[in-house]
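Hi,

Here is the structure I promised to pass on. Have a look at it first, and then read on for what turned up when I went through it.

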Amino acid sequence: MDNNQKPKLAVWKFASCDGCQLTLLNCEDELLAIADKIQIAYFPEATRAVVEGPYDLSLVEGSITTPEDKERIQKIREESNFLITIGACATSGGIQALRNFKDVKEFTSIVYASPEYISTLDTSTPIADHVEVDFELRGCPISKAQLLEVVNAFLFNRRPNIPSYSVCIECKRRGTPCVMVSQGEPCLGPVTQAGCGAICPFYNRGCYSCFGPKETPNERSLSRQFVKMGYTNEDLVRAYRMFNAQSDSFRKESEYYEE
Amino acid sequence: MPNPIHSEKKVSTMKNKTINVDYLSRVEGEGALRVDIQDNQVKDVKLNIFEPPRYFEAFLRGRDFREAPDITARICGICPVAYQMSASHAMEDIAGRKIGGPIRELRRLLYCGEWIESHALHVFMLHAPDFLGYEDALQMAAEYPDQVKMGLKLKKIGNALMDLLGGRSVHPISPRVGGFYKVPTRQELDAMVDDLKWAKDASLETVKWVSTLPFPDFEIDYEFVALRHPDEYPFNEGRIVSNKGVDIPLSEFEKVFEEEHVQHSTALHAHRKNGGPYLVGPLARYNLNYDRLTPTVQKAAEEAGIAETCKSPHKSIIVRSLELLYACEEALRIIDQYAKPECPYEEVKPGAGRGYGCTEAPRGILYHRYDIDDNGAITDAKIVPPTSQNQEMIESDLRSYVENHLEMEEEELQWKCEQIVRNYDPCISCSTHFLKLDINRK
């Protein structure tokens, strides 16, 4: 297809590890087919070519952590017809949102010899705190299959088929025995959105929730179970403060046990 | 930032010019490049990195030692295994434990997967287009469909190896302090053999292909720094050595090398104490460990015309291809000799203390140092990734190159400068997990 007839895709990066946009390059079997249907108009990790906006679809990776980025996301929103966030940083602030629970000045002085050079916000926040987001794709990292589903749904102008149920459903479907029941391993699967394929329980470990809270999670009930299994309050705080620490219900739960 | 989304601009006069690339492409992360030329002399070279700080060393404090591999993996989505390996080895070092046997072999195998994936990505998708004048691999695919497809398939095989051993390729979930949560069966590994044999042949072809690319006459007398092991090409273990007199255990890294917080890019620049910049990565590993490569790789190197030594940063594409070949052969060897361990991990219970880990990420040595207390909580962490170590060397290469090509047409020189940066396969997300770079924009 001629480039001019194809929808234009842009991939943007904020504070992140690049792993979610790498997932696009990891579509080894599909990449050439995607490029046949979509014009990759802006994707600096893959190309030095730049096609000016506006863009039909923007994929946004990373969280907002600097004053400059706060402005940049506004411009990107203006230039994008659809804006989809990809990954835990963009949808919940990511691991770097652990700063939100501490004094950033202290953080800066721990890491930098000359803190006065550093300009940063006190918080790491998801993209949806700043602009309207059309769809949020979860995961640290995102799932390749879900990314392809979202891009496909966009191309065919339909709603993406991304489930909001828990990891438990995926374990059952995969035939993995519950690690909490059979191995006594604390597992965040019951409160975590599916999408990863329940890989951690399949590999004999509890879920650490890289996809963040499911729809209507019941953290308190799970926390009580963790306590019965020997977790202290500090253990619970750490469990909820990982890659989706800033997501609403996990933040509330961790704050409850911090007090 | 005048145009915060993106811009590339050039200013030129007769004798004075500024080469400005506001957003470097085909690298991991956010970086920029500025070269100032005044009266036909290179006045200033700056590799700016404006990736925002993420404060890993700070928020690691208070976390449990067992969480370090999962947390530090998130510094880089391109080389998470390197972070998991350096962190795990550092924690095992605190406990005075050395993990051997099949678990050690599986760690090497996992690293093979990461090298294959990362090197195939760089060789075919990020680096080769520069030599052939394409802006990206998708454009290159029109003229070189076989090579691009071969590169994608190689990359896929590296990812498949990581999927099997790690559970997934970006931020694997199986590695842990002491080993793995789950190890593969003999059968599962055997199922990889055909693909790896194909990958070995494809890597040989890759070496042949990339050695025919046009290379500029550009060599540098580098100080190479890499791990060196008594009998292996290095992944996870060894002493830190250089071709200019360094030969130290990991615990002395900070005595010999230092990082400086400089304002222009506010990147921590690493160099030898009282000395100059140094280079880590494939070129360094290759020059310091050529004798540890297999006969197949050495023969391919001879045929490519770079046997034993290679001081050309552009030819790092050949060296990466040779390492691809090595990783495929090593993976096949490990699978051939594999016997499934009874337990996928060894229990590691460190008391209070300090430990070091340094492993060979695809881009070079990645150094971790941790202090933990009696409860296993991290009290201090230091992480020195390969790209922050290479940053000063990249600037030095840029200076040398531009000084020799002052007459080059502007647009071409800009592209060549970008290529110099991409020679290093820089991983800016890594180098800036603790750096903040201010760009001077007028």
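This is a predicted model: local features need pLDDT of at least 70, side-chain atom pairs count only at pLDDT 80 or more; totals for chains, interfaces and linings use all residues.

To start with a pair of helices: are helix 8 of chain B and helix 12 of chain B roughly parallel or roughly antiparallel to each other?

Helix 8 (residues 193–210) and helix 12 (residues 316–336) of chain B pack at an angle of about 160°, and their axes are 9 Å apart. Angles over 145 degrees count as roughly antiparallel, so helix 8 of chain B and helix 12 of chain B are roughly antiparallel to each other. Their crossing is left-handed. If you want to find the contact on screen, helix 8 of chain B brings residues including B:V193, B:L196, B:L204 and B:V210, and helix 12 of chain B brings, among others, B:I317, B:L325, B:C328 and B:I335. By class, this contact has 15 nonpolar, 3 polar and 3 charged residues.

Another helix pair in chain B is worth a look. The axes of helix 4 (101–132) and helix 6 (145–166) of chain B come within 8 Å and cross at roughly 155°. Helix 4 of chain B and helix 6 of chain B are therefore roughly antiparallel to each other, and helix 4 of chain B passes helix 6 of chain B in a left-handed crossing. The residues of their contact divide into 16 nonpolar, 6 polar and 3 charged.

Now for how the two chains meet. Chain B and chain A each put 54 residues into the contact. On the chain B side, helix 1 (56–59), helix 2 (68–73), helix 4, helix 5 (137–143) and helix 6 each supply at least two residues. Which of the helices of chain B gives the most to that side? Helix 6 of chain B does, with 5 residues. Sorted by class, the side of chain B that touches chain A has 22 nonpolar, 13 polar and 19 charged residues.

On to chain A itself. It is divided into domain 1 (3–155) and domain 2 (167–258), and the C-alpha centres of those domains of chain A lie 26 Å apart. Their contact takes 18 residues from domain 1 of chain A and 13 residues from domain 2 of chain A. Helix 4 of chain A (residues 88–92) gives the most to the domain 1 side, with 3 residues. That side of domain 1 has 7 nonpolar, 10 polar and 1 charged residues.

A few backbone details are left. Chain A has a cis peptide bond from A:G53 to A:P54, with omega near 0°; A:P54 is in the loop between strand 2 (39–42) and strand 3 (55–61) of chain A. A cis peptide bond also joins A:C140 and A:P141, where omega is about 5°. A:P141 lies in the loop between strand 5 (135–137) and helix 6 (144–155) of chain A.

Then there are two residues other than glycine with positive phi. Phi of A:T216 is near 45°, and A:T216 is in the loop between helix 9 (199–202) and helix 10 (219–228) of chain A. Phi of B:D425 is near 50°, and B:D425 lies in the loop between helix 14 (410–422) and helix 15 (428–431) of chain B. Is each of them buried or exposed? A:T216 is exposed, with 10 other C-beta atoms within 10 Å, whereas B:D425 is buried, with 29 other C-beta atoms within 10 Å.

Cheers

Note on methods: Residues are numbered from 1 along each chain as its sequence is written. Chains are lettered from A and ligands numbered from 1 in the order in which they are written. Domain bounds come from an automatic or database domain assignment. Two residues are in contact if their C-beta atoms, placed from the backbone, lie within 7 Å. Helices (H or I, at least four residues) and strands (E, at least two) are DSSP runs, numbered from the N terminus. Ala, Val, Leu, Ile, Met, Phe, Trp, Tyr, Cys and Pro count as nonpolar, Asp, Glu, Lys and Arg as charged, and the others, Gly among them, as polar. A residue is buried if 20 or more other C-beta atoms lie within 10 Å of its own, exposed if 12 or fewer, and partly exposed in between; C-beta atoms are placed from the backbone. Axes are lines fitted to C-alpha atoms, for helices over the stretch in contact, and angles run from 0 to 180 degrees between N-to-C directions. Angles under 35 degrees count as roughly parallel, over 145 as roughly antiparallel, 65 to 115 as roughly perpendicular and the rest as oblique. A crossing is left-handed if the near helix is turned anticlockwise from the far one by less than a right angle, and right-handed if clockwise.
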